[in-house]
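I opened this structure for a first look. These are my notes, kept in the order I made them.

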Amino acid sequence: MTSRTSPEAQLRAENAELRARLAEAEDTLRAIRSNEVDALVIDTANGPQIFSLQGLDAESNRMRGELLAQVGDSVIAVDGEERITFFNAAAQRQYGLRSDDVLGRKLPGIYTHHWPAPEAETAKCKALRDHGEWHGESVQRLHDGREVHVESSITILRRTDGADAGTLIVTRDISARKQQEDTLRESQQFARSVLENLPAFVGVMTVDGTLTDANRASMEAAGIPASEVIGKKFWDCYWWSYSPEIQAQLRDACKRAAGGERVRYDVPVRMAGDTRTWIDFQISPLRDTKGRITHLIPSAMDLALRHEAEGKLRESEERFRVALSAVSDIIWTYNAAGEMDGEQPLWSAFTGQRPEDFRGFGWSKAVHPEDAQPTIEAWNLAVAEKRMFEFEHRVRRHDGEWRLCTVRAKPVRYPSGEIREWVGVHTDITASRHSATELQRVNSLLDTLLHTAPIGFCFLDRDLRFVRINERLAQMNGVPVEAHLGRHASEIVPALFESLRDLTGRILTTGEAELNHEFSGETPATPGVTRFWNESWYPVRDGAGEVVGFGAVVEEITERKRAESDLRVAKARAEKANRAKTDFLSSMSHELRTPLNSILGFAQLLESGASPPTPSQKRSIDQILRAGWHLLDLITEILDLAVIESGNVMLSLDPVSLTDVMLDCRAMIEPQAQQRGIGIQFPRFETLHFVKADRTRLKQVLVNLVFNAIKYNKPEGTVAVEVTLKSPGLVRICVRDTGAGLAPAQQAQLFQPFNRLGQERGAEEGTGIGLVVTKRLVELMGGTVGVDSTVGVGSTFWIELSQTAAPQFAAADLAYIAQVQPQPPDGVPQHTLLYIEDNSANQALIEQLIARRPDMRLLCAADGEAGIAFARDYQPALILMDITLPGISGVEVLQILQKDPSTAHIPIVALSANAMPSDIAKGMDAGFLNYITKPIKVDQFMDALDQALKFAQTSSRRAVPQKASI
Amino acid sequence: MKKKTAPPNDLAALEAAAAARANARYVLRLYVTGTTRQSMRAIVNIRTICEEHLQGRYQLEVVDISQQPALAKGEQIIAAPTLIKKLPLPLRRFIGDMSQTERILLGLDLRETKSSHHSPA
């Protein structure tokens, strides 16, 4: 800027300014006059105000503006050069542009058209040209690149004079609708392709039965083109037209379907080649959103397919049912609400509840009252939270017993996640819980047992470390139980370790237990003291049979060992004492007998010497002798008693025949009895009694008793010996005398040594020891002795001994006997010959003889008793008997056999060396069938046998009358 | 500092000024009253002019004084529509619906006339 301005310039500038202003004013007036101005701004006292010049137009303009603003579609007006002259509110929204910004711009700046096809654009132009308007769809690409589907109406605006005033474009965004249409088309195509590819038959009919569509399968199966069926009445189509009845049925079905019913039935259709196929056919009405039936949908499935599917379903159901029944648990179902309904066969079978009982929540009645409420609470919780239910409660079984059960239930869901039903399982755990409890109880019992046992138990592993040990053994070791565990045996009991190691080594080698080994040594419990244990060790194996350790049972035997050694010492001492005693006794005996021998010997010499003694000398000698013999008896008896008392008496207890002993006794006693004038009666020997006794000593006892009975009797008195069976197995031998009898006081003193009960001054001699010895002997034989007595009547002394069976010959002997004879030829009967003979030479001879007789079998008995037993048992056809036998004589045997009904019929032949006629007569009298004398003449012998056999077979014997026994 | 320069050579200065003018940026403000016919016509017309003659170097601001009459006072608007050329200077004022295209172009110095050679009229 120049620093100075010339006044001219200034004036010129001011001029210009004024001119400009003037021009403006003129301009303004002109504008107003030409109606280009629509408002004036007037400054008033209240500030600038606007006065509209529009007048009536203003209102209609405003209204028009508002209307256009309300319109939902965009309204755009362009002039002839495509400049936007109007752009309504909707257009602003649709295109995202302000009216102020777009007015005057050219339309292509806002969007451009995309036509689906060039023909579409041509059509639009044509329409505008011909009709001045066009309506259609197109795609607009907006200024921001978006593409929108639009529906537009384009109208040419004309002025009253006909000239173009521009174009009005009303546009609606149909993108959303287009999207829906596309989606719909897609789903329709999808549905269509599904239908087309279904193996089943599907079609579409109008309500009046016109087929509008059918899937490919239906037409292919029939071998017909679509044109033959589409548009026809369904029942007139190829599939049905073969049968008027079928057509009528179909027509009726369509009518019913049109009425809203879903019709279904099996029917044959015609397929390609005029074949028939049965189908499962149905017609379903199709409704629109308002519920009106718009179409009928016929569909069909090959029946064969359905049958297959049904078959598979049945199979599956059957499988399920079988599985259910095989399961021992109770399976049940609840509906979605958590209630039991329908049939619940397993629940019913277990609880006995019927459906009306368990329905709803009735099942809770089968649950124990104490458990029912908690169960229901937990169940409700599970149902509400839709998760698995687990519980334990007692359920009542149909028999009334409460069973402890665990129960689990899980929900079964639809694909959508909704619960369809619940499936649950009850498992009866009563037994297992019980056995678990039992097991626990047993375990704790075993534990207690182990720990409180008075015997030591332990278990060591293979390395000989303590794994388990009970209290007792720990005590023995002197170390607490816990201190053992895990420690090596050599640490706990070093003194015993070596033996243990050897022992366990042996166990490993042999695989066998080592039982009852004695261990000795010290333990920490009692250091310095050697103790003893009886130990049994055994291998402990695992499931595979491998030895995993060693078990032991340990018993402390220190005390016992001590007792044993004490006992041994005592025994040795006693034996020593006994031996000393025996030695003493025998030496005493010898010492005593020797002088007595002199006394008696010389006295006898005197008595029977060359010069006979004088009567008074004889009397003296008698006295000496009597005293001497008495002394001898006394010594013998005392020594005997001493021997018995010292326990050194040797008794052999065998079956002894009473008959035998009595006969011996009688033989010994008879002279004494006769001398004193006492009658003796011995029992008859009908039955044989055997007792368990020592034969010699029994004889001694019997002699003692009988002798006493004789001695202490009254003049002309009697002694009776009786044998009775006191009870099965007990034999009583009574010796009854008619003596003075004994008072109870005397009876008590009977069995005392040297107590002769006042008989010391009597005529009879006695040692006073006899009964003592008798008693001892009987007791040693396992029997008892006693006395019954009445003063003035007499006394009965009795002994009781165990009965025993007759002595049996050893099987070996019998076998030998049987072997001797050869088997007879078939058809020849064999007879048994019983030969009673004690002499083995004689036996051998007869054996040889009988060997020559195949019809005879020899049986030998060595004495009378055996012979009797054999006769009874073997029932021989014939008996050959030696008369002179040990024990009972042949005659007596004969008598016994003849008295016994089982043997009475057997002929008995005597065989004897006594050949005197008197002997023979005696024998025949006795009852022998025949009497053969020794030495034997063989042919005579054989004849006698034949004779006897014949006799046995033909006649029956008369019973021989009994003779009085002696 | 005072610049001592001789008064510009008229022709050269004119040409320079003309060249400068050819590149000048225009800032225009159009005052309208709502969406009346004249207002809209005014917008369309002025925009057309701008697009044709000032492509890329104009800024058109549309102000609606029907809502805020106070805005009119600052520029001493007395009638609407009114266009104010704010830049380049000098300020110019046009009233009407802007349909007088020639006059407006002249007023915006976008038309060369004989008189413009001499001095800004």
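**Ground rules.** I am reading a predicted model, where local features need pLDDT of at least 70, side-chain atom pairs count only at pLDDT 80 or more, and totals for chains, interfaces and linings use all residues.

**Confidence.** I checked pLDDT, the predictor's confidence in each residue, from 0 to 100. Chain A averages 82, and 92% of its residues score at least 70. Where is confidence lowest in chain A? I found the lowest mean, 46, in helix α24 (residues 811-820) of chain A. The highest, 93, belongs to helix α8 (residues 244-258) of chain A. Helices (H or I, at least four residues) and strands (E, at least two) are DSSP runs, numbered from the N terminus. Residues 810-821 of chain A have a pLDDT below 50, and this stretch has 15 contacts in the model beyond near neighbours in sequence. Contact means heavy atoms within 4.5 Å. I noted another stretch of chain A, residues 957-966, where pLDDT stays under 50. The model gives that stretch 20 contacts beyond four places in sequence.

**Aromatic rings.** I paired rings of Phe, Tyr and Trp (its six-membered ring) if their centres lie within 6.5 Å; planes under 30 degrees apart count as stacked, over 60 as edge-to-face and the rest as tilted. The count is 16 aromatic pairs over all chains. I looked at A:W379 and A:W422: their ring centres are 5.1 Å apart and their planes at 65°, so this pair is edge-to-face. A:W379 lies in helix α12 (residues 369-385) of chain A and A:W422 in strand β17 (residues 419-428) of chain A, so the pair ties together parts 43 residues apart in sequence. Both A:W379 and A:W422 are buried. Buried means under 20% relative accessible area, exposed over 50%, partly exposed in between (1.4 Å probe, protein chains only).

Next I took A:F389 and A:F391. Their ring centres are 6.1 Å apart and their planes at 10°, so the pair is stacked. A:F389 is buried at 5% relative accessibility, while A:F391 is partly exposed at 24%. I then listed one aromatic cluster: A:W332, A:Y334, A:W363, A:W379, A:F389, A:F391 and A:W422.

**Helix contact.** Which residues of α21(A) meet α23(A)? I found A:R697, A:Q700, A:V701, A:N704, A:L705 and A:N708 in α21(A), against A:G770, A:L771, A:V773, A:T774, A:L777 and A:V778 in α23(A).

**Single places.** I found A:T171 in strand β8 (residues 164-173) of chain A. Is A:T171 buried or exposed? A:T171 counts as buried, at 0% relative accessibility. Leaving aside neighbours within four places in sequence, its contacts include A:D73, A:Q94, A:Y95 and A:E151. In helix α26 (residues 864-874) of chain A, the buried residues include A:I868 and A:F870. A:Q875 follows α26(A), and its phi is positive, near 45°.

**Chain B.** I counted five helices and five strands in chain B. Along the sequence they run α-β-α-β-α-β-β-β-α-α. Of the 121 residues in chain B, 42% are buried.

How values were computed. Residues are numbered from 1 along each chain as its sequence is written. Chains are lettered from A and ligands numbered from 1 in the order in which they are written. Side-chain values use heavy atoms; hydrogens and water are left out.
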